[in-house]
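The model is a predicted one.

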Amino acid sequence: MRGEASVMSQETLLGSAGGHELLRGVVESSHDAILIKTLDGQIAFWNAAAQRLYGYSAVEAVGRHVGMLVPPELKDEEAGLLERIGRGERIEHYETRRAACDGRLLDVDVTLWPVRTRDGSVTAACSITRDITDRKRAERELAELHQQRRHISLALQLMGGSEVIPGTMAASRYLPSTRGQGVGGDWLDLIDLGGGRVGVIIGDVMGRGLDAAVVMGQLRSAARALALAGVAPCDLIQALDTFTCGMPEQFVTCVYLEADPGRGTVTACSAGHLPVLLVAPDATVEPLAVPTGTPLGVGGLPHQQVSLTIRAGTTLVLYTDGLVETPRSDIDAQLAVLTATLRDVFAPAVSLEAAADRVLNTLLPDTAAYADDVTLLLVGFPAAPLATASLELAGERASVPAGRRFLLRVLREWGLAALEDTAPLLVSELLTNAVCHAGGPIGLRMWLSDRELGVEVSDGSSPRPRARLAAATEECGRGLILVEALADAWGTRPEVTGKAVWFTMRTAPDAAECAVSC
């Protein structure tokens, strides 16, 4: 009987006269679920679309409480909506969840408005409900896909700059964009080049998202491989330019530096990147005098490298355009702000980590709204060696024992008696190679840091030696294999007038090794 009375009440609401029949036809043909409920939640009207959406017929629904459609955790929400309707409010496109008769939870968009009597009193609420389950599912899938792409992009970006180089202080910051796909093509890398030298590179691929991050990852991997192979900065940038020209519509800026504390120099080459700033020990700030060059991918124009003397205690400041480019200010003005900020930050003694935070807080006070990703790298120029010694030798066989005697004398002066058996053997191999294959003047240089001894032999020949497996009948070809086996590290690099071959031997364990052994 309740169902029949309820249906009759529904008939009464719509009426049976001609005009009301037309209204009834419109309501019943609607694709959206339309229902009317009293202010205490009793359902008074239920159209065909509501039956299709929730699974209840009009006979089953009318007269029951609307709470049958509301998930338990949203009961208070429904009561709040009815209270607002009772106050005469209209609620449009309210997204929530509702339960069908089979227990399925539906994402819905609900619009409610009050039903009034002739005197204006609110007696009921009319709601139009649209099923947005498919749309919400697509939005969730898109959000998950976006998050996956962002995670991959961020993982690619964070792979750089993770190397801890003994004796080198550094602090880096990376902030993905808060707009669009977020992570972009910024990258940075610190590279232990061996022989006391450190490679530093920072770059920016135009665009954002996974595509820019993938290109960035390729360039960073290529740059690291070239740097570890001892390629000079200019040649490294030129190789990256050739590599980038093979990619469609890519525009990349970067700068690569080699810091050599033994000589107190930095060799650098830039491909259209923003100027590297130098913060001296007295907190004065000036740009590193490196020709800007053209960005990678332009092609056809050579890049230039320069070698500059750097004072011990100098901090190198590298960054991408996201730090200094804003839509409301000129980039030159922002560079001036960065310069002044660095001067203020480094005036008192400060750690690089604290300095990086203060620079970001000053240049980007609103970190919730920046359009481009931001990268900042502060690198303390490695400390000069504790001691150095050098000797120039003639390109003759007598130079081999002379170089060996020099090395032994220096080892004793430096208190490195433990290396007196191995180091002379290795330097003899390098000097012999230089005498046999280069001729001319030969340079022998030694340096001592707080963790290792370094030895370098330079000559005027260009071909760079490489270790190889000698045949059983060969009398030569085993020298570099011996160096590789007995030295902790070794390598070669081009010089202005030839090449240099170096090796290092540990004099003290690394902090990580001490921690393990302790």
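## Packing of α9 and α10

In this predicted model, the contact between α9 and α10 brings Q334, V337, L338, T341, L342, D344, V345 and F346 of α9 against L352, A355, R358, V359, T362 and L363 of α10. Helix α9 covers residues 331-346 and helix α10 covers residues 352-363, and the two pack at an angle of about 145° with their axes 10 Å apart. The crossing in which α9 passes α10 is right-handed.

## The chain as a whole

The protein chain holds 14 helices and 20 strands, and of its 518 residues 47% are buried. When contacts between residues at least 6 apart in sequence are considered, 63% of them join residues at least 24 apart.

## The largest nonpolar core

The largest nonpolar core consists of 31 residues, and W414, M446, L453, V455, V457 and F503 are those with the most contacts inside it. Two or more residues each are given to this core by the helices α11 (399-413), α12 (422-437) and α13 (479-486), and by the strands β16 (387-393), β17 (442-448), β18 (452-459) and β20 (498-506). The largest share, 7 residues, is that of α12. Apart from this core lies another, of 26 residues, which includes L277, L323, L335 and L378.

What does L453 touch, once its neighbours within four places in sequence are left aside? Its contacts are with L411, W414, L416, L419, A423, M446, W447, L448, F503, T504, M505 and T507. Although V501 and E456 are 45 residues apart in sequence, their C-alpha atoms are 5.6 Å apart in space.

## α12 and its two partner helices

The axes of α11 and α12 come within 9 Å and cross at roughly 150°, and these two helices are therefore roughly antiparallel to each other. The crossing of α11 past α12 is right-handed. On the α11 side the contact is made by S399, V400, G403, R404, L407, L408 and L411, and on the α12 side by A423, P424, V427, S428, L431, T432 and V435.

For α12 and α13, the axes likewise come within 9 Å, with a crossing of roughly 150°, so that α12 and α13 are roughly antiparallel to each other. The crossing of α12 and α13, however, is left-handed. Here T422, L425, L426, E429, L430 and N433 in α12 meet G479, L480, L482, V483 and L486 in α13.

## Residues with positive phi

Most residues other than glycine have a negative phi. Against that background, H93 has a phi near 50°, a positive value in a residue other than glycine. H93 is found in strand β3, which spans residues 91-99. Is H93 buried or exposed? With a relative accessible area of 55%, H93 is exposed.

A283, which is not a glycine either, has a positive phi of about 75°. This residue, A283, is placed in the loop between β11 (277-279) and β12 (285-287). At a relative accessibility of 7%, A283 counts as buried, since the cut-off for that term is under 20% relative accessible area.

Terms used
Residues are numbered from 1 along each chain as its sequence is written. This is a predicted model: local features need pLDDT of at least 70, side-chain atom pairs count only at pLDDT 80 or more; totals for chains, interfaces and linings use all residues. Side-chain values use heavy atoms; hydrogens and water are left out. A nonpolar core is a set of buried Ala, Val, Leu, Ile, Met, Phe, Trp, Tyr and Cys residues joined through side-chain atoms within 4.5 Å. Buried means under 20% relative accessible area, exposed over 50%, partly exposed in between (1.4 Å probe, protein chains only). Helices (H or I, at least four residues) and strands (E, at least two) are DSSP runs, numbered from the N terminus. Contact means heavy atoms within 4.5 Å. Axes are lines fitted to C-alpha atoms, for helices over the stretch in contact, and angles run from 0 to 180 degrees between N-to-C directions. Angles under 35 degrees count as roughly parallel, over 145 as roughly antiparallel, 65 to 115 as roughly perpendicular and the rest as oblique. A crossing is left-handed if the near helix is turned anticlockwise from the far one by less than a right angle, and right-handed if clockwise.
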